[in-house]
Amino acid sequence: MTKMIRTGLIGLGYWGPNLARVLAQAQKSEFTAVCDLDPARLNRMARQYPGTRTFTDVNQFLNSDVEAVLIATPIGTHYELARRALLTGKHVFVEKPLADTSARAAELMEMAARLDRRLMAGHTFVYSPPVVKIKELIDSGTLGDVRYLSFSRVNLGLYNKDVDVVWDLAVHDVSILLYWLGEMPERACSFGRCCVQRAKRDVANLWFQFPSGRVAWCEVSWLSPQKMRRTCIVGSERMVVYDDTEPSEKVRIYDRGVNLRRPENFGEFQLSYRLGDMVAPHLSNAEPLLIEIDHFLDCIESGAAPRTDGKFGQDVVRAIEMASDIGWKAGCAQEELLLNRMGRELAEKAA
Ligand SMILES: NC(=O)c1ccc[n+]([C@@H]2O[C@H](COP(=O)([O-])OP(=O)(O)OC[C@H]3O[C@@H](n4cnc5c(N)ncnc54)[C@H](O)[C@@H]3O)[C@@H](O)[C@H]2O)c1
């Protein structure tokens, strides 16, 4: 018989109820407790999931018999709540990003290893069938050498109270990027603008260069008339377009490219264009969030490291920090263009 793991959730705002739904659904989960500072949200949850106990006090929640804690609170609270949960012996799942600094993420990672608890960062896209399919295409060499990747994640967004668009939306793209490429960037920069609120970028571009020579850029915005979730991966043998807004054919593989033929005579270079077929592979329509939570529970049962473990979560935070060394906490005037270190270097060289 499957062993049930007693699960509890902290944070019942916008995202928490989605986790509650899958915790109630997951085969290995016995959803037993919820915690939030807001009693009205707790009452709603208690009505929806009658067996769950409710807590406004995190210490009381952590002293209950819950074995695995999921944290879906604002980013600035992740570190402290995860730290306390680990210290009370719980396995911990923290919504993305793992912490607000890579130093804090590293501390959580080390603490989990020392206490032999599973720590997982909630990078949902890393569990989604289209993203996993593209990882297979990259790793099997089907795309050839991956040359560059471009990401667009824009819409008229939900303005986050606590963080800017980079720490909200770009975290998704960076997690996908690191999962696909399996390497950390060696250089990164970002440019953005605070259009609506002071000191909060609502549009930004991030750029990464990897030791392998691959480059990637991400466009993120809360201020765009249309929703776009589009990624293009260009390899020497195949190109892929992943459009997460498509109801079907989210992944399209194009047999297209440009080759430079060896010159027969000095100076005679010729380009040849390959304009082959497009194939859309069959993808499972399983819900990524359920796959993710099942994986967390499987790892607790087996002792295996989660795919998005503490190290992965820390790498994502580190890559975001590299790209924005003027952090989201730093003030910036309305209409001010943010340049990070590399941008400033370039500007200085050009002057
Ligand atoms: N994986 C995804 O696709 C995805 C999508 C959206 C949000 N998220 C993540 O989910 C997390 C929560 O985001 P949100 O938009 O739901 O935030 P939110 O502000 O809507 O909700 C946060 C909730 O946490 C509660 N809370 C805050 N501090 C608390 C504390 N100390 N103890 C108990 N409860 C506390 C608040 O009362 C609120 O109900 C963030 O980390 C965000 O990045 C992930």
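In this predicted model, Leu9 stands opposite Val34, a residue of strand S2. Strand S1 (residues 5-10) and S2 (residues 29-35) pair in the parallel sense over 6 bridges; two strands count as paired if DSSP finds at least two bridges between them, and strands (E, at least two residues) and helices (H or I, at least four) are DSSP runs numbered from the N terminus. Residues are numbered from 1 along each chain as its sequence is written. Because the model is predicted, local features need pLDDT of at least 70 and side-chain atom pairs count only at pLDDT 80 or more, while totals for chains, interfaces and linings use all residues.

**The sheet**

- Strands of a sheet pair through backbone hydrogen bonds, either parallel or antiparallel.
- Here 6 strands form an open sheet with parallel pairing, in the order S3-S2-S1-S4-S5-S6.
- Its edge strands are S3 (53-55) and S6 (119-122), each of which pairs on one side only.
- The twist from one strand to the next averages 25°, where axes are lines fitted to C-alpha atoms, for helices over the stretch in contact, and angles between N-to-C directions run from 0 to 180 degrees.
- S1 also runs parallel to S4 (residues 68-71), joined by 4 bridges, and within S4 the bridge partner of Thr7 is Ala68.
- S4 in turn is joined by 4 bridges to the parallel strand S5 (residues 91-95), where Ile71 has Val94 as its bridge partner.
- S1 is mostly covered, with 5 of its 6 residues buried; a residue is buried if 20 or more other C-beta atoms, placed from the backbone, lie within 10 Å of its own, exposed if 12 or fewer do, and partly exposed in between.

**Helices against the sheet**

- Helix H1 (residues 16-25) makes a right-handed β-α-β unit together with S1 and S2; right-handed means that, with the strands pointing away from the viewer, the path from the first strand over the helix to the second runs clockwise.
- H1 lies across S1, S2 and S4 and runs at about 170° to S1.
- Helix H8 (residues 288-302) packs on the sheet, touching S1, S2, S4, S5 and S6, and its direction makes about 175° with that of S6; residues are in contact if their C-beta atoms, placed from the backbone, lie within 7 Å.

**The whole chain**

- The secondary structure of the protein chain comes to 10 helices and 15 strands.
- Of its 351 residues, 42% count as buried.
- Along its principal axes, the C-alpha trace spans about 80 × 50 × 40 Å.

Note on methods
Contact = placed C-beta atoms within 7 Å.
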